[in-house]
Structure formats: structure tokens, C-alpha cells
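Please open the model in the viewer and keep the sequence at hand.

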Amino acid sequence: MKLLISTIPIMSTRPEFNWSTMFGNRMLLYLFMSSTFIAFYYFIDIYDRQKEIQRLEGFKSEKIELESRFLKSQVNPHFLFNTLNNIYALSLKKSERTPVVIEKLESLLHYMLYECKEDLVELDDEFTFTNSYIALEKLRHNEDLCTITTTIKGPTTGRKIAPLLLINFLENAFKHGTKTSFGKSWINMEIEVLKKELHFKLQNSKPESTTHQAFSEYQGGIGLTNVKRRLEILYPKRHKLTIHNAPDHFEIYLILNF
């Protein structure tokens, strides 16, 4: 009987067979597996979120592009409407300048319809367009009653700009700054091209007696509303637009970062 008892195996007391050690090892394994599962779950969740963000960004970019195209398309009829009004006024007076104005308008429309399809155009081409528009306006204004000066400084070759961006400012300057009821009027346009910036300054005269009414009228309308929105879309955080209502003139100052 003693022999049988002595042969019964006795549980080892080595550390690896200690209950606390075994429990600790199991806990470490559980924590490792849990951490791996949680990390994998969060990885999948983050991946899905990133895909959703990219999808929403795609929709946002598409929306902005469509909106920009829509605003750009509105420039053409707005410009055309104003110019046709000018031609109509000249025709009523049976002015000899009417055919010349129509010819100028034809060249401007050719640029707007066929050369402004890209998101950016050569700065020289845009300046040619604005100068042609000014020349067209000069044809219908008496030089003795309206003085128009333009200055362009700096290197323009190789620089690009969103098309038809400056024309709205010029339209408003001529529309609100050269009314015959003002008597003598003036418009002054100054452009300076720097290494990374374009500075556009446009001033036009106004009568002192209608300061608030004229300024309210000048700020409204589809033209300036569109150009402000286009600047927000095409030059986000890369432009600064200031409209100043001085006692005797309006002033627009625009800085664009290339």
C-alpha cells in the first residue's frame, strides 16, 4: 500500500505550472487578440470613412466645377445684353459709329465663345480682350465728357488667369460711372503684374449727391455677384477684393495670387 501511494505523480511546483503564471499568460493572449481585433476593426472603419470622405470630396469638386461653369456661362449673355443696349442707343441716334461698334463686338464675342473654353487663359489674351472692350466703350462716349486711362505694368508673358474675370468690373464702371447726367466723368484702370501676384485697381467717377444710392446700385446685379462667387471658387484664399466708396469715386482693388 505504501508502494502504491509513493508512485502517485505529484504536480510540479515549477514556475511554468504556477496557476497565476498560466492565468497571466492567458490574459496577455486575450489582450493581444482583443487589441488586434479592435485595431483591425478601427482600420476597416477608418478606411470606410476615408472612402466616404473621398466620395463626398468628389461630389463637392464636381459641384464646384459645375457651378463655376454655370457662372462663367452667365457672363456671356450679361456682357452681350449690356453691349447690345449700347448699340441700340447708338442706332436710335443714327450714329455713324454703330457699324464700328458692331464689328468690335464681333471680335469680342469670338474671344468669349472660342478662346475661353479652358479654365485658364493667357494673361496677354485677357488684357487684349479688356482693352478691346474699353476701345468699344470709347466709341460710344464723347471724349470731352469721359476720360478713360489705362496702365499695365510688369511681365505678362507666360502668366495665366481665369477668363472673363475682370470684364464685370469694367462693365459696372462704365455703367455707373459714365452716365450723361454726371457731366464730365472718368475711369482709371491700373494693373500691375508681380512675380506671384496681380494687382487690379479700377476707379470711376460718381456724383456726390447720389452717393448711397449709386453705391447700392453698383454693388448689386448679376455681374458683381457672379464675379465674387467665381473668385471664391477659382481663387480660394488666393485673392482679396476690396470695394471702396469714396466721396467722389468708386474704387475696386483686387489682388490675385497666381
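Which residue of β7 does F200 stand opposite? Select F200 and then L254: L254 in β7 is the residue opposite F200. The model is predicted, so to speak of local features requires pLDDT of at least 70, side-chain atom pairs count only at pLDDT 80 or more, and totals for chains, interfaces and linings use all residues. Residues are numbered from 1 along each chain as its sequence is written, and side-chain values use heavy atoms, with hydrogens and water left out.

Next, select strand β7 (residues 249–257), which runs antiparallel to β5 and is joined to it by 9 bridges; strands pair if DSSP finds at least two bridges between them. Strands are DSSP runs of E with at least two residues, helices are H or I runs of at least four, and both are numbered from the N terminus.

Finally, select helix α4 (residues 123–139) and helix α5 (residues 167–177), whose axes come within 10 Å and cross at roughly 15°. The two helices are therefore roughly parallel to each other (angles under 35 degrees). Their contact (heavy atoms within 4.5 Å) is made by F129, T130, Y133, I134 and E137 of α4 and I167, L170, E171 and F174 of α5.

Definitions and conventions: Axes are lines fitted to C-alpha atoms, for helices over the stretch in contact, and angles run from 0 to 180 degrees between N-to-C directions. Angles under 35 degrees count as roughly parallel, over 145 as roughly antiparallel, 65 to 115 as roughly perpendicular and the rest as oblique.
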